[in-house]
Amino acid sequence: MTQPDPRVISEDDTSAGARAARAVRLPEPWASAAVTVVMPTYNEADNLPVILDALFALPLPALRVLVVDDNSPDGTGDLAERLARDTYGPDRLSVLRRPGKQGLGRAYVHGLGHALEEGAAYVVQMDADLSHPPEAVPQMLGTLLSTEADVVIGSRYATGGKLAENWAPHRKALSAWANFYVRLLLHLRIRDVTAGFKIWRRETLRLIDVAGITSNGYAFQVEMNYRTVRRGLKIVEVPIRFEERRGGHSKMSLGVQIESALMPFRLRRRASRLDAGRPPAPGRTP
Ligand SMILES: Nc1nc2c(ncn2[C@@H]2O[C@H](COP(=O)(O)OP(=O)(O)OP(=O)(O)O)[C@@H](O)[C@H]2O)c(=O)[nH]1
Ligand SMILES: [Mg+2]
């Protein structure tokens with residue numbers, strides 16, 4: 001009988017150690033870059049300890065995580081604070097607590113701004129539900145630095161990217177349709193234009209005026225991309241394997257879907273006002 005080779009780490013092994021072993025090893029000074037993962041949470045108490053273990057096992061010793069919790073009824077905020085105090089230390093894990101559920105986009109505007117104030121040089125956007133593979137973060141950072149990209153997207157639809165086989169067919173169809181629709185209306189050539197897994201340079205977030213973004217849900221991700229393209233900045237996609245969420249429940253709502261469907265028209269209208277030399281509404285950048 002042939003024994004499995006202990007040096008081969010199976011792709012299906014999702015323990016923190018196996019994930020870390022699969023991650024690329026970056027040379028210094030890249031490995032020690034000041035990376036902050038901004039992670040919005042709403043009722044993710046089952047997933048949070050698992051994803052934090054995996055992130056802190058990565059060969060990125062200066063990586064920090066900022067959890068942005070909207071007063072989750074399941075106690076995710078308290079759990080995150082306990083883990084910061086007792087397990088990882090406040091130097092590596094910090095928590096922003098907000099009074100109530102205001103949507104993903106609002107949580108990100110708050111969290112990204114906070115990460116920049118705290119001195120992050122590179123900022124990762126990532127869901128807490130283990131859909132986004134933590135072991136891809138070093139490769140995404142390495143791609144950002146080696147290609148001199150302004151942002152790198154962890155992409156389900158770039159060549160080599162994969163969608164969870166067990167993702168419900170209606171979710172697959174909705175995701176494919178949303179990508180097609182947004183790309184067509186906004187003339188974006190990004191393969192995964194609604195992706196929520198990205199690494200940004202600090203300067204890119206400043207150039208696109210992330211604090212001025214008003215959309216929420218998936219529309220928030222698209223608006224960030226649109227602003228990046230309008231500024232002539234460089235976007236690179238790396239393929240990832242996207243998993244079905246591990247525990248907890250989806251927060252995808254009809255409101256989020258309707259906002260996403262209307263948002264390309266709003267962005268186009270605003271951009272054409274600017275192109276025609278008329279100012280956008282106060283505090284808005286296309
Ligand atoms: N702080 C905060 N986080 C949120 C809010 N809505 C969603 N999130 C978090 O944002 C991430 C993405 O939300 P999901 O519910 O996974 O949405 P999704 O990935 O589009 O949907 P699924 O694929 O079904 O999981 C998760 O980490 C959520 O906990 C919110 O209103 N506030
Ligand atoms: Mg999810």
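A33 counts as partly exposed because 19 other C-beta atoms lie within 10 Å; on this scale a residue is buried if 20 or more other C-beta atoms lie within 10 Å of its own, exposed if 12 or fewer, and partly exposed in between, with C-beta atoms placed from the backbone. The structure is a predicted model, in which local features need pLDDT of at least 70 and side-chain atom pairs count only at pLDDT 80 or more, while totals for chains, interfaces and linings use all residues. Residues are numbered from 1 along each chain as its sequence is written, and chains are lettered from A and ligands numbered from 1 in the order in which they are written.

A33 sits in the loop between α1 and β1; helices (H or I, at least four residues) and strands (E, at least two) are DSSP runs, numbered from the N terminus. Leaving out residues up to four places away in sequence, A33 touches A62, A121, Y122 and L141, where contact means that the C-beta atoms of two residues, placed from the backbone, lie within 7 Å. Across 30 residues of sequence, the C-alpha atoms of A33 and L63 are 7.6 Å apart. The loop between α1 (16–22) and β1 also holds P29, and the peptide bond joining E28 to P29 is cis, with omega about 5 degrees.

A195 is placed in the loop between α6 and β7 (198–201). This alanine is classed as buried because 26 other C-beta atoms lie within 10 Å. Beyond its neighbours within four places in sequence, A195 contacts I153, G154, S155, R156 and Q221. The pair A195 and I153 is 42 residues apart in sequence, yet 7.2 Å apart in space from C-alpha to C-alpha.

Helix α6 (residues 169–186) packs with helix α9 (residues 254–275) at an angle of about 10 degrees, their axes being 10 Å apart. The two helices are therefore roughly parallel. Axes here are lines fitted to C-alpha atoms, for helices over the stretch in contact, and angles run from 0 to 180 degrees between N-to-C directions; those under 35 degrees count as roughly parallel, over 145 as roughly antiparallel, 65 to 115 as roughly perpendicular and the rest as oblique. A178, V182, L185 and L186 of α6 make the contact with S260, P264, L267 and R268 of α9. These contact residues divide into six nonpolar, one polar and one charged.

Strand β6 (residues 162–163) contains L163, which is partly exposed because 17 other C-beta atoms lie within 10 Å. L163 touches R156, K172 and F242, apart from residues up to four places away in sequence.

Most residues other than glycine have a negative phi, and most peptide bonds are trans. E148 has a positive phi of about 55 degrees and lies in the loop between α5 (137–146) and β5 (151–155). E148 is exposed because it has 9 C-beta neighbours inside 10 Å. D209 likewise has a positive phi, near 50 degrees, and is found in the loop between α7 (202–207) and α8 (217–230).

Key: Ala, Val, Leu, Ile, Met, Phe, Trp, Tyr, Cys and Pro count as nonpolar, Asp, Glu, Lys and Arg as charged, and the others, Gly among them, as polar.
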